[in-house]
Amino acid sequence: MPSSLGKLGLLIFVLFSTCCLRQSHGIVQQPKANEINLRSWDVIRQKALNNANPISIERRNKVRDAMLHAWNSYETYAWGRDELQPQTKDGVDSFGGLGATLVDSLDTLYIMGLDEQFKRAREILGGLLSTYDLSGDKVFLEKAQDLADRLLPAWNTPSGIPHNQINLAKGNSNNPKWTRGNSILADSGTEQLEFIALSQRTNDPKYQQKVEYAIQELRKVLRADGLLPIFIDPQTGMTSFSKITFGAMGDSFYEYLLKAWIQGNRTEVVKHYREMWEKSMEGLESLIRRTKPSSFAYICEKTENNLSDKMDELACFVPGMLVLGLDGYEPREAEKFLSLAEETTATKLAAENYYFPSGQDMTPGTTWNILRPETIESLFYLWRFTGNTTYQEWGWNIFQAFEVNSRIDAGYVGLKDVNNSASKDNMMQSFFTAETLKYLYLLFSPPSVIPLDQWVFNTEAHPLRIVTRDSKEDIFQVEGQKIEATRTHNSRKEGLSPD
């Protein structure tokens, strides 16, 4: 069974991020490594958490209790499976049996200080790159590298744009039939953080070269407004007829343009990521519309020159992304995008997507709610950057709604219809423990817990240490000279490894 390239790439990142948390001596702002021992981060973290206000402490503990309930249910009924089915109290392998919930939850357990659960997870995980950064045990790095090596053939296309499915045993890659042979933009542009980090840890440039070459190819076909359709032909690297969206299948491409710049510590080497992102934000502005009578801001989708008044819940990550990118703008531009971030967050979408008919504020399209994290993610960034506790209150309201409508004896479930709390489904998505509960926990934690000047979150909320990239030391360079790419037979252009 082919596995999703995007999901597998992100699993590599979990291996990294959890490992980074321990290897770097903690998840809070800290003294230099030689001034503290390996476990002193526990003391630092606890001190930071204890200094929070009483309401935040109480709410954070409630979120932690929710994580324990979700995790214990998974451990009891679906241990080692991809996801828990709480209604039937069993597991299902939604991603081909990768243990997705186990993998996705590892750094959440660590951040929340759930040490017993974390240790039991490590016993079965074995292969997560984040576990290497946590423990320093090279066996984890080796296993993460093995997984990445199995993914690399997906990039062996004439254009260097990767296929989005791959058989890990045989190395055969392809794209889903429903995409008509095209690669999906979000999948093709959402491995940069993971593979750059892997190259940094292993001192092997091939992972970074693959994903950065793909970005350069996408840069060539970037439209004048900085936006791209969701379908890319891996044979030619050209775009195919399809919609432009900040929702499903487009979202994380734009997110990673910004975050690759942050991951490289905003240097000249990664400046092109920032330039592409700023151009795409100009395109984003052209998609903003407002409802009547309430003037809610929303983000349209676009096909050719035609706008569709529809917005996915997945696009609710945009306000957080805008806030995260403010420090690269001049003050006037920063103020404009902060205002836009606050406006688009105020829609507080709950269903999977919404339509905005003329003369109406909004109407649900797909009415299910599967406990997605994107709105909470944006509330987290908005609170961190503005200090406005309104965003904490909104997050708390969402958490309470989860507790009332989605918590059952054996975990948490989604709703088939947000207007009917009895319409419960039978799935606890892996992103609920990886992202939703993590962002809720951090929303009520002091800013010194995973400080954003030291860490960057990937698209599934796994934190990775920011590492400065410069022209003399970057692994895509040799003695300050850029490695020239040469075309190989029946493959993409690929950079040469330094001697």
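User: Does phenylalanine 246 count as buried or exposed, and at what relative accessibility?

Analyst: This is a predicted model, and every value below is computed from it. Burial is read from relative accessible area, with under 20% taken as buried. Phenylalanine 246 has a relative accessibility of 1% and therefore counts as buried.

User: Which residue forms an aromatic pair with phenylalanine 246, and what is the geometry of that pair?

Analyst: Ring pairs are described by the distance between centres and by the angle between planes, an angle under 30 degrees being called stacked. The structure holds 22 aromatic pairs. In one of them, phenylalanine 246 is stacked with tyrosine 254, at 4.4 Å centre to centre and with 25° between the planes. Tyrosine 254 is likewise classed as buried, because its relative accessibility is 0%. Elsewhere, ring pairs link Phe380, Tyr381, Tyr439 and Phe457 into a cluster.

User: How many residues does the largest nonpolar core have, and which have the most contacts inside it?

Analyst: In soluble globular proteins, nonpolar side chains tend to be buried together. Here the largest nonpolar core has 114 residues, and those with the most contacts inside it are Phe246, Phe253, Tyr254, Met281, Leu284, Met321 and Leu437. Helix α11 (residues 251-263) gives this core its largest share, eight residues. Taking the protein chain as a whole, buried residues make up 60% of its 499 residues.

User: Which residues does phenylalanine 253 touch beyond four places away in sequence?

Analyst: Leaving out residues up to four places away, phenylalanine 253 touches Leu185, Ala186, Gly189, Thr190, Ile215, Leu218, Leu222, Leu228 and Met276. For the protein chain, among contacts with a separation of 6 or more, 67% join residues 24 or more positions apart.

User: Over which rings does the charged end of arginine 274 sit?

Analyst: The charged end of arginine 274 sits over the ring of tryptophan 261, 4.5 Å from its centre. The charged end of arginine 274 also sits over the ring of tyrosine 329, at 4.7 Å from the centre of that ring.

User: In what order do the strands of the open sheet lie, and what is the sense of their pairing?

Analyst: A sheet is read by strand order and by the sense of pairing. The three strands of this open sheet follow the order β12-β13-β14, with antiparallel pairing. Its edge strands, β12 (310-312) and β14 (363-364), each pair on one side only. Three bridges join β12 to β13 (residues 353-355) in the antiparallel sense, and tyrosine 355 in β13 is the bridge partner of lysine 310. The protein chain holds 17 helices and 22 strands.

User: Which residues are joined by a cis peptide bond, and which residue other than glycine has a positive phi near 55°?

Analyst: Most residues other than glycine have a negative phi, and most peptide bonds are trans. Lysine 292 and proline 293 are joined by a cis peptide bond with omega of about 15°; proline 293 is placed in the loop between β8 (288-290) and β9 (297-299). Isoleucine 450 has a positive phi near 55° and is found in the loop between α17 (430-443) and β17 (455-457). Isoleucine 450 counts as buried because its relative accessibility is 0%. Lysine 89 also has a positive phi, of about 55°, and is located in the loop between β2 and β3 (90-92). With a relative accessible area of 41%, lysine 89 is therefore partly exposed.

User: Where is glutamine 429 found, and why does it count as buried?

Analyst: Glutamine 429 is found in the loop between β16 (411-412) and α17. Glutamine 429 counts as buried because its relative accessible area is 17%. Apart from neighbours within four places in sequence, glutamine 429 is in contact with Glu83 and Ile370.

User: What is the average pLDDT of the protein chain, and over which residues is the pLDDT below 50?

Analyst: The chain averages a pLDDT of 83, and 80% of the residues score at least 70. The pLDDT is below 50 over residues 24-41, a stretch with 44 contacts in the model beyond near neighbours in sequence. Residues 476-499 also have a pLDDT below 50, with 46 such contacts in the model. Where pLDDT is low, the predicted coordinates should not be read in detail.

Conventions
Residues numbered from 1 in each chain as written. Heavy atoms only, no water. Core = buried A, V, L, I, M, F, W, Y, C linked by side-chain atoms within 4.5 Å. Buried < 20%, exposed > 50% of the residue type's maximum accessible area, 1.4 Å probe, protein only. Helix = DSSP H or I, 4+ residues; strand = E, 2+ residues; numbered from the N terminus. Contact = heavy atoms within 4.5 Å. Phe/Tyr/Trp six-rings, centres within 6.5 Å; stacked < 30°, edge-to-face > 60°. Lys NZ or Arg CZ within 6 Å of the ring centre and 35° of its normal. pLDDT = per-residue confidence, 0-100. Pairing = 2+ DSSP bridges.
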